[in-house]
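Subject: Handover of a structure and notes on its contacts

Dear colleague,

Please find the structure below, passed on for your work. The notes after it set out what was found.

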Amino acid sequence: MSKVLMKGNEAIAVAAILGGCEAFFGYPITPQNEIPEFLSKHMKKEGRVFVQAESEVASINMVYGAAGAGARVMTSSSSPGIALMQEGITYIAGAELPCVLVNVMRGGPGLGGIQPAQSDYNQITRGGGNGDYHVISYAPENLQETVDIIKTAFDTADFYRNPVMIAVDGLIGQMMEPVDLSKEVKRRKLGPKDWAASGGHTGTNRRVITSLYLDPKKLEEHNLNLYRKYQIIEKNEQMFETINCENAEYVIVAYGTMARICRSAIEILKQEGINVGMIRPITLWPFPEKAFRNLPKTLKEFLVCELSLGQMIDDVKIAVAGRLPISFFGRTGGMLPEPEDIVFAIKNLIKGVE
Amino acid sequence: MMENIVYQKSKGLTDNELSYCPGCTHGIIHKLVAETLEELGIIEKSIGIASVGCSVMSYFFFNCDMQQAAHGRGCAVATGIKRVREDNIVFTYQGDGDLASMGLNETIHAANRGENITVIFINNGIFGMTGGQMAPTTLLGAKTTTSPEGRDVKEHGFPIRVSEILAQVEGAAYIERVSVHNPQFLRKAKKSLLKAFQYQMDKKGFTFIEFLSTCPVNWGMTPIKSMEYVKDMMMNYYPVKVFKDVGENND
Amino acid sequence: MAKGRLIFDHDKCKACELCVHYCPTKILELDANNINKKGYNVVNVIDQEKCIACGFCALMCPDSVITVFKVAS
């Protein structure tokens, strides 16, 4: 039960190995390079596969191949690299293959900046690539949560035959925190991969991995199957945390590093006798709409706080469904607010100032 | 009277009817690949990667496990598969749009890493599936739907000689360009395929066979005239020969 | 005496005429009286006795239409 002081990216890499990652294919990009660097040494030590690919495009296609052949496989990148991977991700989702993707988010759009941001929310939850599909996405706020989620991510990906993404902002990737690597995590019961094109099959036993269905009737049927899968995931996999919501007058909605800053703001406000709560999504998709079903009667307004200019706010609006007003506070480009900035924003809400 | 079989359909092909145009060399080359896998006893062990182009359906035709790759990405997909399935035989089957246009980067890098895979490159100098647009390997002067006045160096650049490029990559083990335009060349092409797959079995590294191929429909020629175009026109620009062979000296 | 015997899977023939062209004894022709379900005039042997069982027809056929047997005396 001992804790080790670790850097975020390193913890991510160790968690992947502990989670059973058999192959890693990736490409360097700031601010996540410690992940491929660590794995380039340690995957080999564990007798597993590591390839530095020639690009993110190549990386995600190597992931697709290895996943189709039945392996537990992972890649990591940052926002612009994830954008390059979108085609590959939709092929993986369309072919119903499992994989784990790590996105250490930075400012955009385009080349953007290398400082932390949360401006990939739309890219992560609104497809990113073509077609009707979803990526099961997590946004942990600290290293322990990150490690625990990654350790279970390979099971989740295998269980649903779907890509799973862990999105942390650059701060989490670079910061150092104590982590208990041996903490028990919930495992899933998994069957054999009797769909994998792993060789050894001919004739009617052949396995074919594809996302191509030229017959529109078959493609619609395939999409409906995917849709039913996503409905099950939405029902069973929402994860969130509520802090101090019971009698709150104002509720912040924030995830990742922004949520941590907001925690401090909530403490400051508490000292001043102002009762503010927080809903912290841990899954970005499926969005934890369950957290918004039963709202306290004391609640006056939501404040959505993001390290972007407003992407998650759309899902909050959908979940709240017009029952209460929603305001927004955001910083972007790598600029991080102080807890006092959030306090000030809440106080403005109280005053009725936009 | 006793009868011996001189030629019959290979077990390396499924029962599905080929979807290719009449006289298309895809059919001939599919047979050669299938026969090669059969003769080497590796049909069951094989995992093939279908690309995007006319042969997007090849996963219906090869009698082994298959994976469909995004356009151009076959060599990256093959890398992923071979790295986690070292004992399986992994091959890609890619056209010129797929390999020489979209996928040139992935192809060169897979060769550079010496990935132990076999790449079958179908070069017919045109984008067939999408209706006859210019390809990186379209010959100078050839009229296509996106080079209606004929391929021009100033506007379109020179046709790309992929085998020659890959032969310069250190990691490549065996690079050859072949043709199937008549039985003699076809038999030589089969020998080259056998060698390429044998090299993979012997873990010699990256093997690559470029097939000069036809596209009767988009070239606007009969299948027979198309074979003559390969012989008279394509072979002048794309010499049929071995470009690299690490042979027995590779360790 | 024919050296070879040919069997055709006519349903698969697409009348590309590669076999016709490459047959060294010129004994193959598209049959004007035989159309398959695809709508092609399928190939047939016009003079079986001249077959030398070279296999060129089957070799060049993209659709594995032809099976070639060597007839041993």
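Predicted model: local features only at pLDDT ≥ 70, side-chain atom pairs only at ≥ 80, totals over all residues.

Contact of chains A and B

In this contact, 35 residues of chain A meet 29 residues of chain B. On the side of chain A that touches chain B, the elements giving two or more residues are β2 (23-26), β3 (49-52), α3 (56-68), α4 (79-94) and β9 (208-209) of chain A.

β9(A) and strand β3 (residues 65-68) of chain B run parallel and are joined by two bridges. Within that pairing, V208(A) has M66(B) in β3(B) as its bridge partner.

Contact of chains B and C

Here 26 residues of chain C and 25 residues of chain B take part. The side of chain C that touches chain B draws two or more residues from each of β1, α1 (18-22), α2 (56-60) and β4 of chain C. The largest share, five residues, is given by β4(C). By class, this side of chain C is made up of 14 nonpolar, six polar and six charged residues.

β1(B) and β4(C) run antiparallel and are joined by four bridges, with V71(C) in β4(C) as the bridge partner of E3(B). β1(C) pairs with strand β4 (residues 66-71) of chain C in the antiparallel sense over five bridges; in β4(C), T67(C) is the bridge partner of I7(C).

Helix packing in chain A

Helix α1 (residues 8-18) and helix α6 (residues 143-160), both of chain A, pack with their axes 8 Å apart and at an angle of about 25°. That angle makes α1(A) roughly parallel to α6(A). Their crossing is right-handed. From α1(A), the contact is made by G8(A), A11(A), I12(A), A15(A), A16(A) and L18(A), and from α6(A) by L143(A), T146(A), V147(A), I150(A) and K151(A). By class, eight of these residues are nonpolar, two polar and one charged.

Features within chain B

Strand β6 (residues 172-179) of chain B is mostly covered, with eight of its eight residues buried. β6(B) pairs in the parallel sense with strand β7 (residues 206-212) of chain B over seven bridges. In this pairing, V178(B) stands opposite F211(B) of β7(B).

Y237(B) belongs to helix α9 (residues 223-237) of chain B. Y237(B) has 14 other C-beta atoms within 10 Å and is therefore partly exposed. Apart from its neighbours within four places in sequence, Y237(B) is in contact with L139(B) and P159(B). V217(B) lies 20 residues from Y237(B) along the chain, and their C-alpha atoms are separated by 22 Å.

With kind regards

Terms used: Residues numbered from 1 in each chain as written. Chains lettered and ligands numbered in written order. Axes fitted to C-alpha atoms, helices over the stretch in contact; angles between N-to-C directions. Parallel < 35°, antiparallel > 145°, perpendicular 65-115°, else oblique. Left-handed = near helix turned anticlockwise from the far one by under 90°. Contact = placed C-beta atoms within 7 Å. Nonpolar A, V, L, I, M, F, W, Y, C, P; charged D, E, K, R; others polar. Pairing = 2+ DSSP bridges. Buried ≥ 20, exposed ≤ 12 C-beta atoms within 10 Å, placed from the backbone.
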